[in-house]
Amino acid sequence: IKYSSKTAPKITKKWHQTVFPVLDSFKNYDLGKLLGDISGGATVCALRVPQAMAYGLLAGLTPVNGLYCDLVAPWLYAIFGSSPQISVGTFSIIAIMTSISMGKVSDQYCLVDASDVATNATITSNSTEIDPQMPCKVAITGILQLEMCLILLLLRLIQFNQILKLLMTKVLVNGYTSACAMYVLFAQFNNFLELSIPKIPGAFSLVKRLIAIFQNIFEFLFI
């Protein structure tokens, strides 16, 4: 029996299948893959925990903020997302852009009183310093993420991805990714080598940071 386009039955998803695509995954799930999925999930978790903590520091926040971002977003996407292959969570490019944007605003608005500094100094334990500007920085970062969500929603409504296909060439993406990898590498030198290098904004900041790193290492070894 052949169906024409007019008489063929239409298969439509119910509202709960559209809103919660994870239900289809459970419905057609192969139990033979359960052990493999548990092993894969545990491996990814062991990798993502220290990685998320490092991205929290890279964004100019605390390690626990990186953990929050890396735990909440994947759970929400697992419930409401429709792609089983996409990787959701923190990564270096977003952390760098967040640090740069938040740093420009925090220096202007995150003003700390002397009383707040004294209060935070009493909470310090085991020589771990608490940044008195951290609550303000977290608030600025939260507002920044909400603005990003609104912009992404607007771009989705106007189907801006068709324009990005023409602008984002492979050479541009590869060059940007390589530059971000170098930036992440040198940004971690402060914590890895315990160097005291301040923020270096502006053009050629990566080159200036590299020079400052070598100067600190030279002073430590020969002076």
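Modeller: Let us start with the terms: helices are DSSP runs of H or I with at least four residues, strands are runs of E with at least two, and both are numbered from the N terminus. By that reading, the protein chain of this predicted model has eleven helices and zero strands, so that its elements, from the N terminus on, run α-α-α-α-α-α-α-α-α-α-α.

Biologist: How is the packing of two helices described?

Modeller: Two packed helices are described by the angle between their axes and by the distance between those axes. Here, helix 5 (residues 92–109) and helix 9 (residues 170–187) have axes that come within 10 Å and cross at roughly 65 degrees. Because angles of 65 to 115 degrees count as roughly perpendicular, helix 5 is roughly perpendicular to helix 9.

Biologist: Is the crossing of helix 5 and helix 9 left-handed or right-handed, and which residues make the contact?

Modeller: The crossing is left-handed. Helix 5 contributes Ser92, Ile93, Ile96, Met97 and Ile100 to the contact, while helix 9 contributes Tyr176, Cys180, Tyr183 and Val184. Sorted by class, the residues in this contact are eight nonpolar and one polar, with no charged residues.

Biologist: What share of the residues in the protein chain is buried?

Modeller: Of the 223 residues in the protein chain, 19% are buried, and the accessible surface comes to about 17300 Å², with 69% of that area belonging to carbon and sulfur atoms. As for contacts with a separation of 6 or more, 58% of those in the protein chain are between residues 24 or more positions apart.

Note on methods. Residues numbered from 1 in each chain as written. Predicted model: local features only at pLDDT ≥ 70, side-chain atom pairs only at ≥ 80, totals over all residues. Heavy atoms only, no water. Axes fitted to C-alpha atoms, helices over the stretch in contact; angles between N-to-C directions. Parallel < 35°, antiparallel > 145°, perpendicular 65-115°, else oblique. Left-handed = near helix turned anticlockwise from the far one by under 90°. Contact = heavy atoms within 4.5 Å. Nonpolar A, V, L, I, M, F, W, Y, C, P; charged D, E, K, R; others polar. Buried < 20%, exposed > 50% of the residue type's maximum accessible area, 1.4 Å probe, protein only. Areas by Shrake-Rupley, 256 points an atom, 1.4 Å probe, with all protein chains shown as cover.
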